[in-house]
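Sequence and structure are shown next.

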Amino acid sequence: MSILTESEGLPPLGELALARTRMDRGCDRRARPGLLEEIWGAATTSVMLMSSARTLVRGNKIVLLPSEGRPLPASAVYLGRAVPGADVPAGTDIVLEILEAPEEAGLSAADDGDWLGLREVAADVSAQDAGLFVEAAAISNWHASHTHCPLCGTPTRPEQGGWVRRCPSDNSEHFPRTDPAIIVSVLDEQDRILLGHNKSWPVGRYSTLAGFVEPGESLEAAVIREVEEESGVLVQSPQYMGSQPWPFPASLMLGFTATAVRTDLTPDGVEISDVRWFSREELADGIESGEVRVAPGISIARALIEHWYGGPLPEPRAWQ
């Protein structure tokens, strides 16, 4: 498996924080019967722990434990094999162990660290660890929420390295799901950007508009529908900018930019309570004064806004 470099073959937004990886997921290897039993206990197999979407982190690095001397857990999931450029030797297999609570980890005094979530560390960890954390969070969320067969209700059993759950009653197979969602920077003829305030957010927080793709809908149609529903603005010519997994719990954010052809603002009042057009000067002034807050650095929303802005956004004056 080849891994793209930071500039090779990437769309306009480049390599986003949660889209980085230095792992070969080994999809072909997962299907091999007995894979986990075969590699478990080998010196080349390491273990990543996860409990309630948190993993053990020390010094901005995920703590990977040797599999030697640990019992193979029923919750094991094969995460893949390190490629050249990873933090661990190329060829290292990494297996996820999902815990009910951190106390189950059986850690020694040498295995210190903090149990942290993806949002807390994503901007600071390496490409290897970003990819591992996103993959582990998404697959552990799926296992936690898909324990029973949707056809007959029988408890299912993991197979194929933890990437399939099979029903022992009707023999049906069930696979992890990903929910596609669009997120879009809408620009008008004055090159202003449209940002909205969600009713559930703190006062002053604004971001690009987003929404889930509906069944039977194209990505472009979802962009046009969601923007009009949430803001009253009609757009045309959606252009793809990049994508990023968002495992909270199972989304893939697909970034677009689009041009407004009707600019009157009518927030839906249900999800979006306010929408505003910002020039670059207005947004910078709002951020510096503390009146406006935007999405954090790991989000694709921030990447879309900064791509339009032409570089990093300013910091609030209180931080300077």
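A residue counts as buried under 20% relative accessible area, as exposed over 50%, and as partly exposed in between. The model discussed here is predicted.

**Cysteines**

Cys-152 has a relative accessible area of 40%, so this residue is partly exposed. Cys-27, with a relative accessible area of 53%, is exposed. How many disulfides does the model contain? The count is zero. Cys-152 is in no disulfide, and the nearest cysteine sulfur, which belongs to Cys-167, is 3.6 Å away.

**Strand β2**

Strand β2 covers residues 45-51. Seven of its seven residues are buried, so β2 is largely enclosed by the rest of the structure. In a regular strand, side chains alternate between the two faces of the sheet. In β2, Thr-45, Val-47, Leu-49 and Ser-51 point one way, while Ser-46, Met-48 and Met-50 point the other way. The residues on both sides are all buried.

Which strands pair with β2? One is β7 (residues 93-99), which pairs with β2 in the parallel sense over seven bridges. Within this pairing, Leu-49 stands opposite Glu-97 of β7. Another is β5 (residues 64-66), which runs antiparallel to β2 and is joined to it by three bridges. Here Val-47 stands opposite Leu-65 of β5.

**The sheet β9-β10-β11**

Three strands form an open sheet with antiparallel pairing, in the order β9-β10-β11. Its edge strands are β9 (157-159) and β11 (173-174), each of which pairs on one side only. Strand β10 (residues 164-166) pairs with β11 in the antiparallel sense over two bridges. Arg-165 has His-174 in β11 as its bridge partner.

**Aromatic pairs**

The model contains four aromatic pairs. One of them joins Tyr-206 and Phe-278: the ring centres are 5.7 Å apart and the planes are at 70 degrees, so the pair is edge-to-face. This pair links distant parts of the chain, as Tyr-206 lies in the loop between β13 and β14, and Phe-278 lies in strand β17 (residues 272-278), 72 residues apart. Tyr-206 is buried, with a relative accessible area of 7%. Phe-278 is also buried, with a relative accessible area of 1%.

Another of the pairs is formed by Tyr-240 and Phe-256, with ring centres 5.9 Å apart and planes at 75 degrees, so this pair is edge-to-face as well. Tyr-240 belongs to strand β15 (residues 234-246) and Phe-256 to strand β16 (residues 251-262), so the pair ties together parts of the chain that are 16 residues apart in sequence. Are the two residues buried or exposed? Tyr-240 counts as partly exposed at 40% relative accessibility, whereas Phe-256 is buried at 2%.

| Residue | Relative accessible area | Class |
|---|---|---|
| Tyr-206 | 7% | buried |
| Phe-278 | 1% | buried |
| Tyr-240 | 40% | partly exposed |
| Phe-256 | 2% | buried |

**Thr-208 and its contacts**

The loop between β13 (193-198) and β14 (209-212) also holds Thr-208. Thr-208 is buried, with a relative accessible area of 6%. What is Thr-208 in contact with, leaving aside its neighbours within four places in sequence? The contacts are Ile-183, Val-184, Ser-185, Leu-194, Leu-195, Ala-301, Leu-304 and Ile-305.

**The chain as a whole**

The chain has seven helices and 17 strands. Its radius of gyration is 22 Å, close to the 20 Å that the globule rule gives for 320 residues, so the chain is as compact as a globular protein of that length. The C-alpha trace spans about 60 × 50 × 35 Å along its principal axes.

Of the 320 residues, 47% count as buried. Among contacts in the chain with a separation of 6 or more, 65% come from residues 24 or more positions apart. The chain exposes about 15400 Å², and carbon and sulfur atoms supply 50% of that area.

Key:
Residues are numbered from 1 along each chain as its sequence is written. This is a predicted model: local features need pLDDT of at least 70, side-chain atom pairs count only at pLDDT 80 or more; totals for chains, interfaces and linings use all residues. Side-chain values use heavy atoms; hydrogens and water are left out. A disulfide is a pair of cysteine sulfur atoms within 2.5 Å. Buried means under 20% relative accessible area, exposed over 50%, partly exposed in between (1.4 Å probe, protein chains only). Helices (H or I, at least four residues) and strands (E, at least two) are DSSP runs, numbered from the N terminus. Two strands pair if DSSP finds at least two bridges between them. The radius of gyration is taken over C-alpha atoms; the globule rule is 2.2 Å times the number of residues to the power 0.38. Contact means heavy atoms within 4.5 Å. Accessible areas come from the Shrake-Rupley method with a 1.4 Å probe; for residues, only the protein chains shown count as cover. Rings of Phe, Tyr and Trp (its six-membered ring) pair if their centres lie within 6.5 Å; planes under 30 degrees apart count as stacked, over 60 as edge-to-face and the rest as tilted.
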